[in-house]
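Work through the exercises below with the sequence and the model at hand. Each task is followed by a solution in steps.

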Amino acid sequence: MPPAARRPRFRTTAPVLGLLALLAAAPACGGEPAPESGTPAASPVAPSPIVAAEESPFWVDPHSDAARQVAAWEAAGRNSDAQVLRRIADRPLTLWGPGDDPGPEIRRARAGARATGRTLLLAAYNIPYRDCGQHSAGGAPNARAYRSWIGAFADNIEDTKAVVVLEPDAIAHIIDGCTRPEHHAERYQLLSEAVDRLKKNRNTKVYLDAGNPAWIPNPMDLVDPLFKAGLARADGFALNVSNFQPDATARAYGAKISQGTSGKHFVIDTSRNGDGPLPGDRAQAWCNPPGRALGAPPTDRTGDPLVDAYLWVKRPGESDGTCRGGPSAGTWWPDYALGLARRARE
């Protein structure tokens with residue numbers, strides 16, 4: 001299932017003084033980050049785009065949970081709520097490949113994307129020892145099974161235009177110590193192989209997940225791990241998956257990683273960051289936080305030369321876990337979805 005939102009985790013390594021200003025928007029500090037000298041000017045100031053659904057290059061799934069909820073509410077006479085929920089149902093959402101057999105769902109989505117001439121959005125999330133046994137525990141039972149799974153994932157994309165966010169959490173969990181040391185080398189190897197397998201598809205772009213600014217405070221800590229995981233052959237990295245960091249915070253943070261990776265580009269998950277992270281206790285801010293809003297709609301028109309796209313990687317309305325009255329992680333929660341959509345500014 002799609003994962004719970006990523007908890008903000010902090011290492012004990014002290015960040016350099018210059019990065020303290022950059023990361024001031026993390027929940028531990030609050031506020032908006034101030035760009036350092038050397039940060040590309042476009043990164044901290046580029047506005048979030050206002051994009052009509054029909055202008056997005058990405059495929060909209062007519063059979064998503066949100067789309068089915070709209071139909072159900074319309075049938076029940078809840079037309080006002082249904083219209084609000086279209087702010088989710090009519091937008092491109094990332095498909096998380098099922099962990100048992102990703103083939104059928106990817107083939108269904110592939111057919112829809114081809115028929116409309118749009119780009120397919122996918123997330124591969126099945127690495128062994130996934131989420132360290134927490135809310136989104138699971139994944140392939142071993143390396144051999146993962147290689148088979150990612151092969152099927154890639155095979156079913158074929159030559160369809162696709163963007164793949166590769167293994168949310170996997171690298172950040174190595175850095176923060178959650179993944180046990182004896183699994184590190186294998187994980188890097190599997191990620192690197194996954195990049196190579198996916199890039200055999202001529203129209204597939206691959207972005208390795210790199211956590212979020214509230215999780216790994218020093219962006220330079222991600223540079224070497226990203227390269228170990230195959231970044232040199234990937235199209236870039238992904239930030240803010242299932243989290244709530246504002247666009248400007250993620251852009252400034254990503255610009256630092258880009259500087260350390262010879263200019264690699266990145267994508268940002270804007271699915272629920274319209275009002276930023278929940279203020280207060282960061283230990284409680286990650287799981288179904290109240291009062292949040294949809295962020296910038298998915299688009300490749302970001303106004304930032306380093307940001308290839310804003311994406312809705314976390315599917316808005318799917319629960320982060322059984323906190324605050326929510327269902328299990330990844331389960332559709334219509335009331336929460338409606339709240340996100342009501343508070344959206346676009």
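**Exercise 1.** Is Cys178 buried, partly exposed or exposed?

Solution. This is a predicted model. Cys178 has a relative accessibility of 26%. Buried means under 20% and exposed means over 50%, with partly exposed in between. Cys178 therefore counts as partly exposed.

**Exercise 2.** Find the partner of Cys178 and state which parts of the chain the pair ties together.

Solution. Step one: a disulfide requires sulfur atoms within 2.5 Å. The sulfur atoms of Cys132 and Cys178 are 2.2 Å apart, and the two residues form a disulfide. Step two: Cys132 lies in the loop between strand 2 (120–124) and helix 6 (143–157), while Cys178 lies in the loop between helix 7 (170–175) and helix 8 (184–199), so the bond ties together parts 46 residues apart in sequence. Step three: Cys132, at 26% relative accessibility, counts as partly exposed.

**Exercise 3.** Describe the disulfide of Cys287 and Cys323.

Solution. Step one: the sulfur atoms of Cys287 and Cys323 are 1.8 Å apart. Step two: the torsion about their S-S bond is about -95°, so this disulfide is left-handed. Step three: Cys287 sits in the loop between strand 6 (265–269) and strand 7 (307–311), and Cys323 in the loop between strand 7 and helix 11 (334–342), so parts 36 residues apart in sequence are tied together. Step four: Cys287 and Cys323 are both buried.

**Exercise 4.** How many disulfides does the structure hold, and what is the pairing of the bonded cysteines in sequence order?

Solution. The structure holds two disulfides. With the bonded cysteines numbered in sequence order, the pairing reads 1-2, 3-4.

How values were computed:
Residues numbered from 1 in each chain as written. Predicted model: local features only at pLDDT ≥ 70, side-chain atom pairs only at ≥ 80, totals over all residues. Heavy atoms only, no water. Helix = DSSP H or I, 4+ residues; strand = E, 2+ residues; numbered from the N terminus. Buried < 20%, exposed > 50% of the residue type's maximum accessible area, 1.4 Å probe, protein only.
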